[in-house]
Amino acid sequence: MQDKITLGKFIQTKRKEAGLSQKVLAEKLYVTESAVSKWERGLSYPDITMISPICDALNITEHELCTASDDENQRKIVQMAKKYRLFMIIYNAVLALGYLSAIIPCFIIFVIQEHDLPKFCILLTSLMLSASILNVPVIMTKNKGLITLAFSYVSLCLLLLSGNIYSGGDWFIMAFLSVTLGLFIVFLPFILRSEVISRYLGNNKALICMTADSFMIFAVVIYGTFKYGSEESIITGIAAAICCLILAWAIFAVIRYAKINIMLKFSAILAMTAVWLLSAEKIALHFLPQNVNFSITINDDVSTTIVSAVMICIAGLFAACGLILRKKS
């Protein structure tokens, strides 16, 4: 803090700029007029507990009081913060009025007059989805992304359920599983890295993501083929899912757990993909009945064997480079 005289002159200047007398300032601070006079004459410092009340009364920052000088940058920051908070209040209020202007007349028309609750629920859940994207991020102060995603997911599922009820269909479960699968594939890695969850998972986040994705893929395939296909379709779908997941898990294991350099990892991935192309059809046929056709076609002019051979050759080159780098290191 500055010396008493400098601080006292600064308090006096700011008091006069605020249009306050020593008596009025003393009343605001619940101190005697003589105490204010002593501050301004440089005879004593204000008590440390008086810093915040003095700043509020004189409309200055604590940094300005302690340095006894104007801090224009800090003032701009404070003013911008106040403007931002005011803007957010107006922003949320305008959107709230917009939601109400849609909800009230639609409730009167759809529910009271037409007795069509599902139609009103579609509107309501649509507005919930909009609010989860437009309002939740600016209202929340912590874990904005996680909470916004949770609200959006729940709102979207409720919207799908409302649409299913309104249309009289039976597609909600399939839509729910598909949305959940998309959520897991795209957002689960970010969810598991959030501060709220990551502390409990250690280094198992990638494994949890792969397991959850695989589970949801099987759920979508099994339910979809069971609901909209035949018994043979279920077997075909499971076989196709197994074939694809075998390669995905193999690549994941190499990237996540193999203690080798990047060249050797890339070589291993290419080699596994080449082997998978050659053997996927046979693996799938092992799960399929004899009358079900399952084949992998790359191109009419390029056979799977040629593509696999080229990939293995490239994998060999990367393996050689990887071994050279390993020896040098």
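Predicted model: local features only at pLDDT ≥ 70, side-chain atom pairs only at ≥ 80, totals over all residues.

Q: OK. Which residues of α3 are buried?
A: In α3, which covers residues 33-40, the buried ones are Ala35, Val36, Ser37, Trp39 and Glu40.

Q: And what do the buried residues of α3 pack against?
A: Their partners are α1 (4-17), α2 (22-29) and α4 (51-58).

Q: Let's take α2 and α3 then. At what angle do the axes of α2 and α3 cross?
A: The crossing angle is roughly 110°, and the axes come within 8 Å. The two helices, α2 and α3, are therefore roughly perpendicular to each other.

Q: Is the crossing of α2 and α3 left-handed or right-handed?
A: Right-handed. On the α2 side the contact uses Gln22, Lys23, Leu25, Ala26 and Leu29, and on the α3 side Glu33, Val36, Ser37, Trp39 and Glu40.

Q: How do the residues in the contact of α2 with α3 divide by class?
A: Five are nonpolar, two are polar and three are charged.

Q: Now α2 with α4. What's the geometry there?
A: α2 and α4 have axes 10 Å apart and pack at an angle of about 130°. An angle of about 130° falls between the 115 limit for roughly perpendicular and the 145 limit for roughly antiparallel, so α2 and α4 are oblique to each other. Their crossing is right-handed.

Q: Which residues of α2 and α4 meet?
A: Leu25, Lys28 and Leu29 come from α2, and they meet Pro53, Ile54, Ala57 and Leu58 of α4. By class, this contact has six nonpolar residues, no polar ones and one charged.

Q: Where is Tyr30, and is it buried or exposed?
A: Tyr30 sits in the loop between α2 and α3. Its relative accessibility is 77%, so Tyr30 counts as exposed.

Q: What about Asn59?
A: Asn59 isn't a glycine either, and its phi is positive at about 55°. Asn59 is in the loop between α4 and α5 (62-67), and it is exposed, with a relative accessible area of 53%.

Q: And the glycine just after α3?
A: That is Gly42, with a positive phi of about 75°.

Q: Aromatics next. How many aromatic pairs does a search of the whole structure find?
A: Seven. Take Phe252 and Tyr257: the ring centres are 5.8 Å apart and the planes are at 90°, so that pair is edge-to-face.

Q: Are those two buried or exposed?
A: Phe252 is buried, with a relative accessible area of 12%. Tyr257 counts as partly exposed, at 41% relative accessibility.

Q: Which residues form an aromatic cluster?
A: Tyr153, Phe172 and Phe176 form one.

Q: Last one: Ala258. What's around it?
A: Ala258 lies in the loop between α13 (231-257) and α14 (262-287). With a relative accessible area of 24%, Ala258 is partly exposed. Setting aside residues up to four places away in sequence, Ala258 touches Ala253 and Lys265.

Q: And how far apart are Ala258 and Ile108?
A: Ala258 and Ile108 are 63 Å apart in space, C-alpha to C-alpha, and 150 residues apart in sequence.

Definitions and conventions. Residues numbered from 1 in each chain as written. Heavy atoms only, no water. Buried < 20%, exposed > 50% of the residue type's maximum accessible area, 1.4 Å probe, protein only. Helix = DSSP H or I, 4+ residues; strand = E, 2+ residues; numbered from the N terminus. Contact = heavy atoms within 4.5 Å. Phe/Tyr/Trp six-rings, centres within 6.5 Å; stacked < 30°, edge-to-face > 60°. Axes fitted to C-alpha atoms, helices over the stretch in contact; angles between N-to-C directions. Parallel < 35°, antiparallel > 145°, perpendicular 65-115°, else oblique. Left-handed = near helix turned anticlockwise from the far one by under 90°. Nonpolar A, V, L, I, M, F, W, Y, C, P; charged D, E, K, R; others polar.
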